[in-house]
Amino acid sequence: ENNEGYVFYTANNGETGLEIAENELPDLILLDWQMPEMDGLKVLELLKSHKLTKEIPVMMYTGIMTDSNSLRTALRLGAKDFLRKPIEPIEMEARISAVIQQTEHQKELIKKERTI
């Protein structure tokens with residue numbers, strides 16, 4: 001846990017990441033594009049196809065796949081944002097916070113619609 005009140009779970013490969021996502025249902029997933037065994041896009045596809053994890057916002061994080069086509073592919077598969085390495089900690093914090101706030105706002109709107 002850090003001073004912002006976030007709890008972090010880390011995984012050093014995609015399979016472990018998927019297990020953590022299903023067990024912990026985090027508010028956000030920061031997903032590296034390049035990982036051993038299964039790349040980030042494959043993990044993103046699996047997250048978005050699983051009913052437990054499909055609503056969790058995912059931000060892709062990469063130093064390699066930084067071109068527009070890669071960005072388009074990640075967004076088309078359901079990523080909410082795309083961070084390029086290296087990134088200043090303050091920018092990363094701001095972008096993560098923005099995605100979490102946006103997701104919370106959408107959840108509130110859905111709740112209101114259901115009660116009408």
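What share of the 116 residues of the chain count as buried? The figure is 30%. The model is predicted. The legends below start with the whole chain and then move to single sites.

Figure 1. Along the sequence, the elements follow the pattern α-β-α-β-α-β-α. The radius of gyration is 14 Å, close to the 13 Å from the globule rule for 116 residues, so the chain is as compact as a globular protein of that length. Its C-alpha atoms fill a box of roughly 45 × 30 × 30 Å along the principal axes. Take the contacts between residues at least 6 apart in sequence: 52% of these join residues at least 24 apart.

**Figure 2. The surface of the chain and its charges.** The accessible surface comes to about 7900 Å². Carbon and sulfur atoms hold 50% of that surface. The chain carries 14 positive and 20 negative side chains. The centres of these two sets lie 9 Å apart.

**Figure 3. Helix H2 and its buried residues.** Helix H2 runs over residues 40–49. Its buried residues are Gly40, Leu41, Val43, Leu44 and Leu47. They cover an arc of only 160° around the axis, which puts them on the same side of H2. What do the buried residues of H2 pack against? Two of the partners are helices, H1 (14–24) and H3 (68–76). The others are strands, S1 (29–32) and S2 (58–62).

**Figure 4. Leucine 25, in the loop between H1 and S1.** Leucine 25 is not a glycine, yet its phi is positive, at about 45°. Is this residue buried or partly exposed? Leucine 25 has 41% relative accessibility, so it counts as partly exposed.

**Figure 5. Glutamate 37, in the loop between S1 and H2.** The relative accessibility of glutamate 37 is 69%. That is over 50%, so glutamate 37 counts as exposed.

**Figure 6. The cis peptide bond from lysine 85 to proline 86.** The omega angle of this bond is near -10°. Where does proline 86 lie? Proline 86 is in the loop between strand S3 (81–84) and helix H4 (89–115).

**Figure 7. Phenylalanine 82, in strand S3.** At 4% relative accessibility, phenylalanine 82 falls under the 20% limit, so it counts as buried. Arginine 72 comes 10 residues away from phenylalanine 82 in sequence. In space, the C-alpha atoms of phenylalanine 82 and arginine 72 are 9.6 Å apart.

**Figure 8. Arginine 84, also in strand S3.** Its relative accessibility is 39%, and arginine 84 counts as partly exposed. How far apart in space are arginine 84 and tyrosine 61, C-alpha to C-alpha? The distance is 5.9 Å, across 23 residues of sequence.

**Figure 9. Leucine 75, in helix H3.** Leucine 75 is partly exposed, with a relative accessible area of 39%. Leaving out residues up to four places away in sequence, leucine 75 touches Lys80 and Asp81. Isoleucine 90 is 15 residues from leucine 75 in sequence. The C-alpha atoms of leucine 75 and isoleucine 90 are 23 Å apart.

**Figure 10. Serine 97, in helix H4.** The relative accessible area of serine 97 is 22%, and this residue is partly exposed. Buried would mean under 20%. Threonine 53 lies 44 residues from serine 97 along the chain. Their C-alpha atoms are separated by 19 Å.

Note on methods: Residues are numbered from 1 along each chain as its sequence is written. This is a predicted model: local features need pLDDT of at least 70, side-chain atom pairs count only at pLDDT 80 or more; totals for chains, interfaces and linings use all residues. Side-chain values use heavy atoms; hydrogens and water are left out. Helices (H or I, at least four residues) and strands (E, at least two) are DSSP runs, numbered from the N terminus. The radius of gyration is taken over C-alpha atoms; the globule rule is 2.2 Å times the number of residues to the power 0.38. Buried means under 20% relative accessible area, exposed over 50%, partly exposed in between (1.4 Å probe, protein chains only). Contact means heavy atoms within 4.5 Å. Accessible areas come from the Shrake-Rupley method with a 1.4 Å probe; for residues, only the protein chains shown count as cover. Lys and Arg count as positive and Asp and Glu as negative; His and the chain ends are not counted. The place of a charge is taken as NZ of Lys, CZ of Arg, CG of Asp or CD of Glu. The arc is that of the directions from the helix axis to the C-beta atoms.
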